[in-house]
Amino acid sequence: MFGKKKASPQIDKDQLELIENAQKRIKQKKRLYIHFVIFLIGAVFLILANTVLGIGKEFTILGKEWFLFAILIWLFLFVYHVFNVFVTQKFMGKAWEKQQLDKLVSKQQVRIEKLKASFVKEETLIAQSKVYNEIKSNTKRSELTIIVAAAENDAIGKGNKLIWHLSDDLKRFKSLTNGHHIIMGRKTFESFPKPLPNRTHVVITRQADYKAPDGVILVNSLEDAIDAARSDNQPFIIGGGQIYKQAMSIADKIELTRVHHDFEADTYFPKIDPTVWKETANTFHKKDENHDYEFSFITYERK
Ligand SMILES: NC(=O)c1ccc[n+]([C@@H]2O[C@H](COP(=O)([O-])OP(=O)(O)OC[C@H]3O[C@@H](n4cnc5c(N)ncnc54)[C@H](OP(=O)(O)O)[C@@H]3O)[C@@H](O)[C@H]2O)c1
């Protein structure tokens with residue numbers, strides 16, 4: 001586990017080759033230089049050996065002293081050495097340079113391809129995160145809220161009318177929904193004498209030829225109603241029974257007025273499941289001369 005770490009080469013293979021070649025070249029030239037010096041000394045020595053020391057004085061070739069031939073042969077060997085160094089073994093010449101250049105170019109191309117791939121990957125990730133943030137912020141902006149007044153037995157209406165008159169509840173409805181989209185079923189819409197001021201009405205009906213006053217948006221499903229209200233940061237679902245039932249699974253919030261009494265009715269609000277909804281506010285209102293029943297304003301938020 002704690003064995004010796006294998007040393008990894010720090011220098012690129014091509015760079016190493018280049019260095020080795022340069023070292024070889026230096027050695028070759030050094031050897032050639034030494035050869036030249038030895039040749040000079042040797043030539044002088046041969047001349048002196050013959051002329052001063054008298055070695056082989058009588059030995060001549062074609063009437064010339066032998067050392068001349070010895071020096072000529074040696075000179076020939078030296079020229080051959082020079083030829084070898086500068087011509088035969090010219091391994092760092094044009095061809096070698098071209099080969100290195102080709103290697104370098106192909107390496108750069110591989111690197112460019114890799115960079116391109118990682119750039120595309122990064123771009124995709126950025127685009128994905130942008131879309132994700134957009135969706136997230138859009139979802140966050142819109143808080144679909146159910147607003148309802150329901151009795152203890154969940155009764156909300158009878159004969160397409162409300163069952164009670166509680167002025168503070170109506171005031172609260174007015175102030176909460178003011179300036180917002182109010183989404184409702186066709187029957188609830190028809191229970192109003194006329195559209196409510198300063199609110200955008202979105203009415204859901206299956207009737208293709210349903211007529212409504214100017215400014216009222218007609219849609220054929222709850223999904224289309226929510227889509228029509230997408231510019232609103234808090235669209236309200238205002239009833240009635242059928243629409244509440246469909247909206248319970250998608251709403252973010254419920255503003256409930258719980259009327260503390262049981263009533264006979266034909267339309268009811270669905271049960272509020274405490275495992276899905278948490279109560280975040282609760283204000284009790286006593287019975288008084290303007291209000292025949294006790295009631296509480298309760299806010300629920302999806303858990
Ligand atoms: N206490 C409260 O807070 C409160 C609030 C609102 C209403 N209310 C009461 O609730 C009662 C009305 O409720 P309700 O359940 O009878 O009627 P509603 O929900 O107001 O409207 C039902 C109508 O909406 C349309 N609709 C429903 N679901 C649809 C869908 N998925 N696609 C297309 N259209 C759809 C249909 O219209 P078409 O028939 O035209 O196709 C349907 O007949 C009234 O008594 C009213 O006073 C009480």
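This is a predicted model: local features need pLDDT of at least 70, side-chain atom pairs count only at pLDDT 80 or more; totals for chains, interfaces and linings use all residues.
Residues are numbered from 1 along each chain as its sequence is written.

Strands (E, at least two residues) and helices (H or I, at least four) are DSSP runs numbered from the N terminus. Two strands pair if DSSP finds at least two bridges between them.

| Partner of β3 | Bridges | Direction |
|---|---|---|
| β8 | 2 bridges | parallel |
| β9 (residues 253–259) | 7 bridges | parallel |

Within β9, L256 is the bridge partner of V148.

A residue is buried if 20 or more other C-beta atoms, placed from the backbone, lie within 10 Å of its own. Because 7 of the 7 residues of β3 are buried, β3 is largely enclosed by the rest of the structure. T145, I147, A149 and A151 point one way from the strand, while I146, V148 and A150 point the other way.

β3 (145–151) also supplies at least two residues of the shell around the ligand, as do β4 (155–157), β5 (181–185), α5 (186–190), β8 (236–239) and α7 (241–247). With 4 residues, α7 gives the most. Of the 28 residues around the ligand, G157, G185, G239, G240 and G241 come nearest.

Conventions: A residue is near a molecule or strand if its C-beta atom, placed from the backbone, lies within 6 Å of it. A residue is buried if 20 or more other C-beta atoms lie within 10 Å of its own, exposed if 12 or fewer, and partly exposed in between; C-beta atoms are placed from the backbone.
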